[in-house]
Amino acid sequence: MDANPDHRPRRRARSLAGQLFLLQVVIVAAVVAGGAVLAYLFTTGRAEDAARRQVTAVARSVADAPTVREAALLPDPSARLQPYAEQVRQDTGVDFVTVMAPDGIRWTHRDPAQIGRPFLGHTEQALAGRVFTETYTGTLGPSVRVVAPVLDGGRVVGLVSAGITVQSISTQLRGPLAALGGVALGALLLGGAATYLANARLRRHTHGMGAAELSHLYDYHQATLHSVREGLVLLDRTGRVVLCNDAARELLGLTGQLDGVPVRSLGLPPSLVRALGSAEPVRDELHLTTERVVVLNTSTVGPGLGTVVTLRDHTELQGLAGELDSVRGFAEALGAQAHEAANRLHAVVSLIELGRHREAVEFATAELELAQQLTDRVVAAVAEPVLAALLLGKAAQAAERGVELTLTEDSRIDDGVLPPGLTPRDLVTVLGNLVDNAVDAAIENAAARAPEVTVTARVDGPELVLRVADSGPGIDPDAAAAVFGRGWTTKAADGGRGLGLALVQQTARRNGGTVQVGRSDGAVLTVRLPLQREASR
């Protein structure tokens with residue numbers, strides 16, 4: 001039962017399309033040819049001249065009337081102009097007086113149902129301030145009409161058209177015009193039948209919904225797409241944007257007209273462009289834009305119709321994950337230090353039990369000085385509590401991995417120097433990722449030299465300078481630009497690597513700063529963040 005309804009409409013549609021095309025050609029040809037022949041045979045030049053003089057006088061009078069000029073500037077001109085235009089039409093004997101807006105929308109009409117619909121005729125010359133006449137077929141049939149502008153201080157605020165139908169020009173033309181009416185009636189019947197058939201076919205394709213329902217459905221569709229918080233982008237089979245909702249524009253930093261624009265021309269990061277152009281679906285893949293971290297998912301629409309792209313903002317979650325990693329590292333470092341402190345305490349107790357009091361004091365003093373040296377150095381140089389805590393935690397982590405982390409002598413950041421716009425989360429993201437990468441690089445090169453990481457944190461004029469150097473193998477100058485790309489790593493690839501330096505660059509750019517890659521004995525990465533960014537705006 002399901003197969004027959006599916007096939008019958010298809011066969012009918014093909015037959016109807018051909019019949020409808022031929023029917024429209026015949027109707028248009030018949031109306032145009034009949035009207036042209038009748039107008040040529042029975043419309044005389046004298047009758048048309050008389051009609052033109054009459055309607056020109058009426059149109060000019062109405063256009064120059066102060067009542068019309070004042071009503072044209074009202075919010076609802078029809079309420080005032082419709083009775084006036086009908087009175088003028090009855091008093092002057094013309095067949096119609098139509099007052100309309102400059103865009104051709106009728107304010108008055110002999111048939112009230114036509115009010116609000118477009119005027120059938122030409123208005124270009126009247127919009128230029130000139131009065132002109134023409135013979136045109138309107139809602140009342142062929143007519144000789146005049147279109148005059150309504151001027152207010154040299155500005156066209158409305159148009160007036162007055163006309164007399166060809167039937168009214170001369171009583172001698174009643175017969176031919178009756179024949180023309182018959183032709184028009186026949187064309188109307190044929191057009192009505194064709195419209196009925198086309199409407200039935202359209203109803204099947206629109207599942208019985210009317211124009212209002214389709215309009216509402218479209219409005220709901222648009223409202224839904226633009227109200228969801230997730231970004232949604234639809235691409236056609238050639239990679240051009242079909243739809244991009246508000247959330248996607250915000251996540252990707254896009255503005256302006258996007259419909260039909262190729263993805264490659266949107267200025268997105270190369271890794272994101274490659275993912276969007278991939279033939280294979282993408283599932284929960286992290287990508288970095290100029291200021292955000294987004295989670296990307298793609299799926300194809302039908303057999304090669306296009307691609308649906310969804311985007312979720314992962315920026316805040318990524319920042320929280322970085323802070324959580326730092327806290328976890330601090331906890332692990334504190335646990336390791338507690339374990340090491342217990343071992344050292346046991347050693348001191350054992351020395352005391354053995355009666356070696358002097359050795360116990362010397363051992364405890366040496367361990368205390370060693371443990372307190374970096375703490376004193378950091379606390380004395382860095383008054384910013386977040387940076388100080390981060391450096392102490394990272395130093396403990398590095399020590400557990402056999403890496404010596406030191407703070408340079410010129411490091412100094414006074415309390416209250418950092419602006420409110422430079423958040424603690426951004427500091428953790430920048431310095432934490434730089435130190436983590438430096439420690440990994442130093443361990444990687446441990447066979448060649450003792451693993452070391454040197455940190456510089458100081459204020460240099462209007463900038464905060466964070467510099468991290470390591471004893472690793474260094475970064476190839478040819479790869480200096482690539483290290484900030486998503487997925488770049490010197491280790492075995494996995495889902496959790498390759499975002500650290502990319503996040504550093506993104507955070508620095510968001511705060512108006514820069515990241516530079518240098519080389520000494522190993523890699524040197526320098527981040528400069530402006531301190532007066534808010535004040536300079």
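How are H13 and H14 oriented to each other, roughly parallel or roughly perpendicular? In this predicted model, helix H13 (residues 385-400) packs against helix H14 (residues 424-444) at an angle of about 20°, and the two axes lie 10 Å apart. Angles under 35 degrees count as roughly parallel; H13 and H14 are therefore roughly parallel to each other. The crossing in which H13 passes H14 is right-handed.

The residues that make this contact include those in the following table.

| Helix | Residue range | Contact residues, among them |
|---|---|---|
| H13 | residues 385-400 | Val-386, Leu-387, Leu-390 and Leu-391 |
| H14 | residues 424-444 | Pro-424, Leu-427, Val-428 and Leu-431 |

Lys-394 of H13 and Asp-436 of H14 also take part in the contact. By class, the residues of the contact of H13 with H14 comprise 11 nonpolar, 2 polar and 2 charged.

The model also contains a sheet. Strands of a sheet pair through backbone hydrogen bonds, either parallel or antiparallel. Here, 4 strands form an open sheet with antiparallel pairing, and their order is S1-S4-S3-S2. Strand S1 (96-100) and strand S2 (132-138) stand at the edges, and each has a single partner strand, so one side of each is left without a neighbour in the sheet. On average, neighbouring strands of this sheet are turned by 30° against each other, direction ignored.

Within the sheet, strand S3 (residues 141-152) and strand S4 (residues 155-165) run antiparallel and are joined by 10 bridges. One of the residues with a bridge partner in S4 is Ala-148, whose partner is Val-160.

Terms used. Residues numbered from 1 in each chain as written. Predicted model: local features only at pLDDT ≥ 70, side-chain atom pairs only at ≥ 80, totals over all residues. Heavy atoms only, no water. Pairing = 2+ DSSP bridges. Helix = DSSP H or I, 4+ residues; strand = E, 2+ residues; numbered from the N terminus. Axes fitted to C-alpha atoms, helices over the stretch in contact; angles between N-to-C directions. Parallel < 35°, antiparallel > 145°, perpendicular 65-115°, else oblique. Left-handed = near helix turned anticlockwise from the far one by under 90°. Contact = heavy atoms within 4.5 Å. Nonpolar A, V, L, I, M, F, W, Y, C, P; charged D, E, K, R; others polar.
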